[in-house]
Amino acid sequence: MSKYVKELVTRDLKRRLEGVEDAVLVNCSGLDANATNELRGELSQKDIQMMVVKNSLARRATEGTSLYPAFDGMNGQVAVLWGSSDFVSLVKEAVRLDKDKEKFEKFATTGGVMDGEKLDPDAVKAVSKWPSREEQISMLVGQMLGPGAALSAALLGPGKTLNSQIKSKGEGDE
């Protein structure tokens with residue numbers, strides 16, 4: 001590849017990855033065209049983008065960004081996944097696809113980067129066990145509503161008991 005072409009590709013790669021801070025790297029070499037299209041379709045449904053890049057060009061394009069550590073020490077071709085509603089959801093989807101060897105036999109998670117820290121495949125799998133943004137919000141709402149529900153039950157409980165006692169006393173007098 002000529003120097004001019006490398007420069008053009010590097011510029012395009014910089015533009016496409018602008019604003020991306022966290023990503024998952026996967027190896028999908030060896031997937032046939034149908035499997036690749038199906039993979040891209042599944043990722044698109046989850047608002048995840050995938051781009052296959054040469055590591056040397058990716059290192060040049062991401063130099064000085066939070067993505068650079070992901071490509072440091074890598075060789076060959078790799079696919080970069082980014083997007084989704086949050087990073088944990090992205091990782092969960094990548095790990096799910098990695099486990100689906102029936103459809104995507106050659107798909108494998110090779111690492112990633114989160115908050116400028118390089119992740120190896122084991123760290124990516126560990127992140128996939130974290131609660132997603134939606135799960136964290138629901139847990140927080142539950143924790144916020146829990147004390148209110150307990151207070152409401154504590155306030156209403158004695159009143160209901162008194163009401164039922166008055167009612168039973170009233171029915172017994174008639």
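Predicted model: local features only at pLDDT ≥ 70, side-chain atom pairs only at ≥ 80, totals over all residues.
The crossing of helices α1 and α3 is right-handed, a term used when the near helix is turned clockwise from the far one by less than a right angle. Residues are numbered from 1 along each chain as its sequence is written, and side-chain values use heavy atoms, with hydrogens and water left out.

Helix α1, residues 3–16, packs against helix α3, residues 55–62, at an angle of about 60 degrees, and their axes lie 9 Å apart. The two are therefore oblique to each other, a class left over once angles under 35 degrees (roughly parallel), over 145 (roughly antiparallel) and 65 to 115 (roughly perpendicular) are set aside. On the α1 side, K6, E7, V9, T10, L13 and K14 meet L57, A58, R60 and A61 of α3, where contact means heavy atoms within 4.5 Å.

Let me turn to α2, which covers residues 33–45 and reaches 18 Å from its first C-alpha to its last, close to the 18 Å expected at 1.5 Å a residue. Its buried residues (under 20% relative accessible area, 1.4 Å probe, protein chains only) are A35, T36, L39, E42 and L43. Seen down the axis of α2, these fall within an arc of 125 degrees, so they line one face of the helix. What covers them includes β2, β3 and α5, whereas on the other side A33, N34, N37, S44 and Q45 are exposed, that is, over 50%. Just after α2, D47 takes a positive phi of about 60 degrees.

Definitions and conventions:
Helix = DSSP H or I, 4+ residues; strand = E, 2+ residues; numbered from the N terminus. Expected span 1.5 Å × (residues − 1). Arc of directions from axis to C-beta. Axes fitted to C-alpha atoms, helices over the stretch in contact; angles between N-to-C directions.
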